[in-house]
Amino acid sequence: MTQSRQWMRAGEDDVRPPTDLRTDIPHPARMYDYFIGGKDNFAADREAAEQALAISPEFRTGALANRGFLQRAVRHVAGQGVRQFLDIGTGIPTAGSTHQIAGEVTSDVRVAYLDNDPIVLVHGRALLEGAGQGTATVIHADLREPAAILANPEVREVLDFDQPIALMLVAILHFLKDDEDPIGIVRQLVDALPAGSRLVLSHATGDFATREQVERARTLYSGSAAALTPRSREQVTTFFEGLELEEPGLVTAPLWRPDAPAQPGDDRAPAWAGVGVKR
Ligand SMILES: C[S@@+](CC[C@H](N)C(=O)[O-])C[C@H]1O[C@@H](n2cnc3c(N)ncnc32)[C@H](O)[C@@H]1O
């Protein structure tokens, strides 16, 4: 518990009670939690998640593969000496959050967790428990307001923008519609980072699904707190413009530097994943 307090140091005041969880509406964070076997979801989330699984069981396998990507990518960039993480779209805490994985690899890890679902703040204290020593904070913020994120005093208190930062946009950009300018938002955030920073990104795709499955999934999520916009490999590649993609490039999530032999179907998983370096 000493370590968890240490993690709490900068963030303690930031973990405020939420105003309204809106448990009557399915929320992507809680549906994702249900897919990966968590307990922090409500009837509306479970019902919508089951409907998604009826469209394709890939919702669950894809979510698990995505989580595996996040953890391998954090281990990888922390192993390269990156100690700071701006993790937007944190999700509900589950084993192996960013600061825990990074804290196993390096010391003095600094993490700013941001999410627009108030339930993530409810679990802030649990989120900040874990291995290693460092500083982390949980902030209620919206990716659609990048200028506010960059100016946020709590973000600035935890992260030093003169040192490399890993910007984590893992399984979040598909919740931004095209007219919300996701490419411009990523550009604005990346532009604020110093050389040596990383972009860790994964994104849902319908490249291997039928048109009908994609339409049914979009319709289902349109009734949730955030609409779903799956994108093609070509579209996801544009998020990395101006960055150098690390090996193996943009691949399906299970195939990004796997630590186990590939399984049949890994090359058709429903998420593209990659890590870009800012030179
Ligand atoms: C599918 S979960 C991914 C969680 C974690 N990044 C992972 O990959 O395991 C997507 C998260 O993004 C959050 N989210 C969706 N739209 C957002 C937005 N506009 N601003 C901030 N967070 C958002 C959701 O609340 C949810 O926690």
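Let me start with the ligand, which has 22 residues around it, the closest being A29, G89, G91, N116 and D117, where a residue counts as near if its C-beta atom, placed from the backbone, lies within 6 Å of the molecule. The elements that contribute two or more residues to this shell are α2 (28–35) and α4 (58–79), helices here being DSSP runs of H or I with at least four residues, numbered from the N terminus. By class, the shell holds twelve nonpolar, five polar and five charged residues, with Ala, Val, Leu, Ile, Met, Phe, Trp, Tyr, Cys and Pro taken as nonpolar, Asp, Glu, Lys and Arg as charged, and the others, Gly among them, as polar.

Please keep in mind that this is a predicted model, in which local features need pLDDT of at least 70, side-chain atom pairs count only at pLDDT 80 or more, and totals for chains, interfaces and linings use all residues. Residues are numbered from 1 along each chain as its sequence is written.

Now to α4 and its neighbour, α5: their axes, which are lines fitted to C-alpha atoms over the stretch in contact, with angles running from 0 to 180 degrees between N-to-C directions, come within 9 Å and cross at roughly 40°. On the α4 side the contact is made by Q71, V74, R75, A78 and G79, and on the α5 side by T98, I101, A102 and V105, two residues being in contact if their C-beta atoms, placed from the backbone, lie within 7 Å. This contact has five nonpolar, three polar and one charged residues.
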